Amino acid sequence: DAAINRIAAGEVVERPASAVKELVENAIDAGARRIEIAIADGGKTLIRVTDDGCGITPDQLPLALSRHATSKIDGTDLLDIHSFGFRGEALPSLGAVGRLTITSRAEGHEAAQIAVSGGVMDPVKPAALNGGTIVELRDLFFATPARLKFMRTDRAETQAINDVVKRLAMAEPFIGFTLRDVSGGGDGRVTFRADPETGDLFDALHGRLGRILGNEFAENALKIDAEREGFLLTGYAALPTYSRGSAVAQFLFVNGRPVRDKLLVGALRGAYFDFLSRDRHPAAALFIECDPHLVDVNVHPAKSEVRFRDPGIVRGLIVSSLRHALAEAGH
Ligand code: ADP
Ligand code: MG
């Protein structure tokens, strides 16, 4: 039922930035090396994500737009559905609340295109494309006026999109990202660009963090590489001298995806307690890898929240390894 679909879709897609997150994650999952994002009017009138990933075959295009259809888990992985958030919801949701066009070409197949607008799907038709996928979303929430009213200014939505793209770019240093604002038409203006990083994972991450958080962060960053009870912690944490007046430079990633969790704020405060006054906030980008069963990312499909089964272990791991790194650096 179209109305129910639109209500459910509003749960997955809260605002333009959540649409960008879903589309860019799909491009990452497709093995893209370069991802280009174009937005207009804070993403309200246009979001276009272009990737050089594996593409979608013409016969799979309608399936990609069907509810709960995902190519990413098979029936044997039922438990993992809950580990990776809501599955197979993003494209059908976007097609229900906006005008969505997917153009794609998988290796060994012809390019094809499918469009869905307000939940009404057109048949697949031939298209021209060398490879990869272009997903274009126009007029987000045109089909749900109530949602439309809740969108903030173009400026605020653009800022939220910037934030989402930067977090994803931190999580994927080997992928090149370009974010372009095409509000004025034409090629628009590049607002963020990060070329694919090289070297080992730490080199790449260090380079990418310098690109996003600035060279001053990179120059003051301590390498973190620790493990405890099945949790692997890596990343960089800045020296206390490079602290900020707010918690804007604190980033947490769990199993490769950006998440928001108050746990990080508390753990960082604990680690830097002896070195920073309460009005100063440490800067860090930390990556936790663990068995998906030790974490529940399914708290809300649109919010990147996590719930660790045992937050104490994670907190302890962060505090002790950062204190150790700080001590080694002479603190
Ligand atoms: P999910 O990502 O949870 O599988 P989505 O609704 O986001 O669900 O996408 C549905 C399916 O469409 C994916 O499983 C994938 O097969 C295909 N797909 C979506 N975007 C892309 C892309 N950029 N490149 C290749 N395949 C894609
Ligand atoms: Mg997806």
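**Before you start**

Residues are numbered from 1 along each chain as its sequence is written, while chains are lettered from A and ligands numbered from 1 in the order in which they are written. Since the model is predicted, local features need pLDDT of at least 70 and side-chain atom pairs count only at pLDDT 80 or more, whereas totals for chains, interfaces and linings use all residues.

**The whole chain**

Of its 331 residues, 41% count as buried, where a residue is buried if 20 or more other C-beta atoms lie within 10 Å of its own, exposed if 12 or fewer, and partly exposed in between, with C-beta atoms placed from the backbone. Two residues are in contact if their C-beta atoms, placed from the backbone, lie within 7 Å, and among the contacts in the chain with a separation of 6 or more, residues 24 or more positions apart account for 68%.

**Helix H7**

Now select helix H7, residues 154-171. H7 has 18 residues and reaches 26 Å from its first C-alpha to its last, close to the expected 26 Å, a span taken as 1.5 Å times one less than the number of residues. Its buried residues include Glu157, Ala160, Ile161, Val164, Val165 and Leu168, and also Lys166, Ala169 and Met170.

**H7 with H2**

The crossing of H2 and H7 is right-handed, a term used if the near helix is turned clockwise from the far one by less than a right angle, and left-handed if anticlockwise.

To see the contact itself, show Pro16, Ala17, Val20, Lys21 and Val24 of H2 together with Glu157, Ala160, Ile161, Val164, Val165 and Leu168 of H7. While looking along these helices, remember that an α-helix has 3.6 residues a turn, so residues three or four places apart point the same way. The residues of this contact divide into nine nonpolar, no polar and two charged, where Ala, Val, Leu, Ile, Met, Phe, Trp, Tyr, Cys and Pro count as nonpolar, Asp, Glu, Lys and Arg as charged, and the others, Gly among them, as polar.

**H7 with H8**

Keep H7 and select helix H8 (residues 201-213), whose axis is 9 Å from that of H7, the two packing at an angle of about 165°. H7 and H8 are therefore roughly antiparallel to each other, and their crossing is left-handed. Lys166, Ala169 and Met170 of H7 make the contact with Arg208, Leu209 and Ile212 of H8, and these residues divide into four nonpolar, no polar and two charged.

**H10 with H11**

Next, select helix H10 (residues 262-271) and helix H11 (residues 311-328), whose axes come within 8 Å and cross at roughly 35°, in a right-handed crossing. Leu263, Gly266, Ala267, Gly270 and Ala271 in H10 meet Pro311, Val314, Arg315, Ile318, Val319, Leu322 and Arg323 in H11, and this contact has eight nonpolar, two polar and two charged residues.

**Two residues with positive phi**

Most residues other than glycine have a negative phi, and most peptide bonds are trans. Select Asp139, which is not a glycine and yet has a positive phi of about 50°; Asp139 lies in the loop between S7 and H6 and is partly exposed, with 16 other C-beta atoms within 10 Å. Then go to Asn255, where phi is positive too, near 50°, in the loop between strand S12 (250-254) and strand S13 (257-259); Asn255 is partly exposed, with 19 other C-beta atoms within 10 Å.

**Phe142 and Lys125**

Select Phe142, placed in the loop between strand S7 (132-138) and helix H6 (145-149), and then Arg99, which is 43 residues from Phe142 in sequence and 8.3 Å away in space, C-alpha to C-alpha. Finish at Lys125 in strand S6 (residues 125-126), which is exposed, with 12 other C-beta atoms within 10 Å, and which touches Ala112 and Gln113, not counting residues up to four places away in sequence.

Technical notes
Axes fitted to C-alpha atoms, helices over the stretch in contact; angles between N-to-C directions. Helix = DSSP H or I, 4+ residues; strand = E, 2+ residues; numbered from the N terminus. Parallel < 35°, antiparallel > 145°, perpendicular 65-115°, else oblique.
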